[in-house]
Structure formats: structure tokens, C-alpha cells
2 protein chains.
Amino acid sequence: MKKIAVVLSGCGFQDGAEITESVSALIALSEAGADTQCFAPDLNFKSTNHRSGQPGDERNVIEEAARISRGHIQPLSELKEQDFDGVVFPGGFGAALHLSNWAEKGADCSVDENVQALVESFHKASKPIAALCIAPAMISRVLGDHNPSLTIGNDPATAAEIEKTGAQHENCAVDDYITDRMNKLITSPAYMYGDAKPHLVYKGIRGAIREFYEMA
Amino acid sequence: MKKIAVVLSGCGFQDGAEITESVSALIALSEAGADTQCFAPDLNFKSTNHRSGQPGDERNVIEEAARISRGHIQPLSELKEQDFDGVVFPGGFGAALHLSNWAEKGADCSVDENVQALVESFHKASKPIAALCIAPAMISRVLGDHNPSLTIGNDPATAAEIEKTGAQHENCAVDDYITDRMNKLITSPAYMYGDAKPHLVYKGIRGAIREFYEMA
């Protein structure tokens, strides 16, 4: 049984972790036999009302992420690479808002210091990293110098932005994934295709997680 | 392609729809080829902080449910039986708080007037109803006179409470489901087993939804 860390960025695609992506990853990890622990940053944010799309109330990332993980969650600051065999980053706009400021700055973004340190340490230890949807963008910011191959789907503008970091973008269907064996980086586009069917999102993520778990 | 309504009661197992159950049902419906529409009641409630378990801020059921359905959601009051071939109720404590007051009253509970009317009309029209986790309890309150067979897992106290309505409870493993062909009622226990593994919850729900969709 391998120990896997999952980094959530809230609960809901507009201001947190994409819910179907997070659940798909947790189902696939459970099926693979993983011992999974969820983490999230303990920071406040301005929520988005998912019915109206308008700004909402003030919330806290780890408290919202705990909804997905049924209360079992630890602060991201306590995630230590040496305790885990691999790490998974589901997508959702929270990855571009709370784990980095990619939403505002693109390829010039800053990545949360905990995320930066753990991506570097997992990479250095040759432990696999899985990243879904928009999450590969912030990974490219950290690992760009290692020229990782990754996907965010087929959007030319985002692909061009990612390539400014030194990463190489590959187009990928929603139900598929990309493996960079050299960097042990596995990515799947998921809801970068905004109108994707849930079972195809699940299929792509399940494939990515099976590959990831074999490499862990 | 059959039209299926999914009734959500928020977003999070302590005060809303159980997230893994809701997503599992949506993935399985997508895989089956369903044309799915989510609904939720437009009502305010006192939330529960899922990290601490303590009372939280005031929220709105349909606004929170919209996080699961990526913004595509309609008020429960607009759900008409004649527009759909079947209806699914995921679990989570929201079903016992916002769709009924089962949490407080058990077998003597009142069921939300929209839920009451639509369960009666789907049943009368011989269209299937799928209910997960604790949701079968409120169904038993509506359909008890028809002596439905259903499950909430293997908890004797809840099973005894359900049987006060006239329903018959059957024990069921987390990865399985119960079909009442006479009443076209399909139930799966899911997170009534509180420490269940996500892939077994998914397996039980996927089986239930496949059976449900065939009957629709």
C-alpha cells in the first residue's frame, strides 16, 4: 500500500477544487489500494456564488476542502515529502487562485511556498506528481527548467502561456492523459473542456491515477 | 436518451448532499447516456463547518448544490414529473435536514412538499426512483403504505425506525444495492457505512444507477 497525498484548493470549480475531478481522483486512488491523505492551505478567500457566478462571502480553503474529504484533512503546511510516495493536484480554479496566482499572472505567477517546496522535493526524490485540469499550469511554473511535457487540453492561449515556463504542452482528449516519464509527471485535462461529460472526466483521471500509482 | 432528475440537498455530507455519492451518481448517469438535470430547494440553512464539526455560517441549499453541478441547477419547485423518466436522490445529511426533517423526527417526519409530491407522482406514473444512503428514509415516509423494500445499510436502529413507516428494510453491503421491482425503487447504502472506501461507494451507486436507468 502506497501513501498518497492529495492537495485540495477548496470545494467548487469557480473558487476551489473541482468537485468531480477531486472525487474521481479519490475513487481511483481507493480502487488502486492507496492510503490517501488530503491536504489544503489554511487561508481565507472571497468565495464565488456558484449559482449566480457573483462574488460571495468570505470562506476558508481547508474548511471548504473538508467537505470533499468528509472532514479528514490536514493543513498543507504539514505535508512532508518523506511521508508520501506521490502527490496529486486536482484542478478547479482554486489551483490558480489559492495554490498560485496563475489566474492573475499566468506564466509569471508565484506559487504558494508550500506547493513550490513540495513539488520541488517530490521531483528531486523522483516520486510521481499527478496534476489535473489547470493544476499543470502551476507545476510548469515550478518545473519549467526541467522542460516537462504536460497537458491542459487543447486551448492554444493557455498552452502558449504554459510554454513560456519552459514546459512543452501536448494536446490531449478529455478521457486521456499524458505521461512525462523523465519527470514522473502525469497530467489529464478534465474540465479544461468546460462542457465535458462526467464519465469521460472520470475515465481520463482514472487512467492518469493508475499510471501515477504504478510509478509511485 | 432518457431524461433524469437529480435532487441535491446542498454540498457536503454534514449539512448537504454527500459529495462522493452525488458525483458517483452523475458519473454513472453520464456513462449510461442520460440527459441529466440537477435540482435543489431554494432555502437558507445554518451550515456545519466540515473541518471542526461546529456550527457555521448561513448558506443557501441551491447555491451550495450548484458547486456539485457546476452551476447547472434549477429550483426544486420547478421539477415536474412529466418532464423526466426517473429521479435520483443522493444521500448526505441534507436529505434529513432540508428535504425532510427525518434528522429530528425520524419515522414521524414531514417531507418537503415538493419532494412529497414528486415521489408520489413518479411512483404513480411507474417511473423509477433511486435513493442513496439516508435518502431512502424519507422515501419510506412517503411510500410506506406501499410497503417498499429498501436499504440504509446495516444499522439496526435506523432500520427499525424506517420499518415504522410500513417499509421493509434489507441489509445491504456498501458495494451493492436493493431493487424493489414492484415500486420501482432502487436503493444503495453508500456512506451509511461512515468509513466506506470511495471506490466501493462508487461501485454500489453505479450498480444502482444502471439498474435504475434500465427501468426508466
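**Ground rules.** I worked with a predicted model, in which local features need pLDDT of at least 70 and side-chain atom pairs count only at pLDDT 80 or more, while totals for chains, interfaces and linings use all residues. Residues are numbered from 1 along each chain as its sequence is written, chains are lettered from A and ligands numbered from 1 in the order in which they are written, and side-chain values use heavy atoms, with hydrogens and water left out.

**Entry 1: the interface.** I turned to where the chains meet. The contact (heavy atoms within 4.5 Å) takes 37 residues from chain B and 37 residues from chain A. The two chains bury about 3300 Å² between them, 53% of it on carbon and sulfur atoms; buried area here is the accessible area (1.4 Å probe) that two parts lose on being put together, summed over both. I noted that B:Arg51, B:Arg67 and B:Arg70 supply 28% of the area that chain B buries against chain A, more than any other three residues.

I counted 8 salt bridges across this interface (a side-chain nitrogen of Lys or Arg within 4 Å of a carboxyl oxygen of Asp or Glu). A:Glu64 forms a salt bridge with B:Arg59, with the closest N and O atoms 2.9 Å apart. Which element gives the most to the side of chain B that touches chain A? It is H1(B), with 8 residues. Helices (H or I, at least four residues) and strands (E, at least two) are DSSP runs, numbered from the N terminus.

**Entry 2: H2 of chain A.** Helix H2 (residues 61-68) of chain A has 7 of its 8 residues buried, so it is largely enclosed by the rest of the structure. Among the buried ones are A:Val61, A:Glu64 and A:Arg67. I saw A:Asn60 capping the N-terminal end of H2(A), with a side-chain oxygen 3.0 Å from the backbone nitrogen of A:Ile62. After the helix comes A:Arg70, whose phi is positive, near 55°.

**Entry 3: Asn60 in chain B.** B:Asn60 lies in strand S4 of chain B and is buried at 7% relative accessibility. Its side chain makes a polar contact with the side chain of B:Asn44 at 3.1 Å (a pair of N or O atoms within 3.5 Å; within protein, one must be able to donate a hydrogen and the other to accept it, and residues adjacent in sequence count only if both atoms are side-chain atoms). A polar atom of the B:Asn60 side chain also lies 3.0 Å from the backbone nitrogen of B:Ile62.

**Entry 4: strand S6 of chain B.** I finished with S6 (residues 86-89) of chain B, where B:Gly86 and B:Val88 point one way, B:Val87 and B:Phe89 the other way, and all are buried. S6(B) runs parallel to S1(B), joined by 3 bridges, and parallel to S7(B), also by 3 bridges.

Conventions:
Buried < 20%, exposed > 50% of the residue type's maximum accessible area, 1.4 Å probe, protein only. Pairing = 2+ DSSP bridges.
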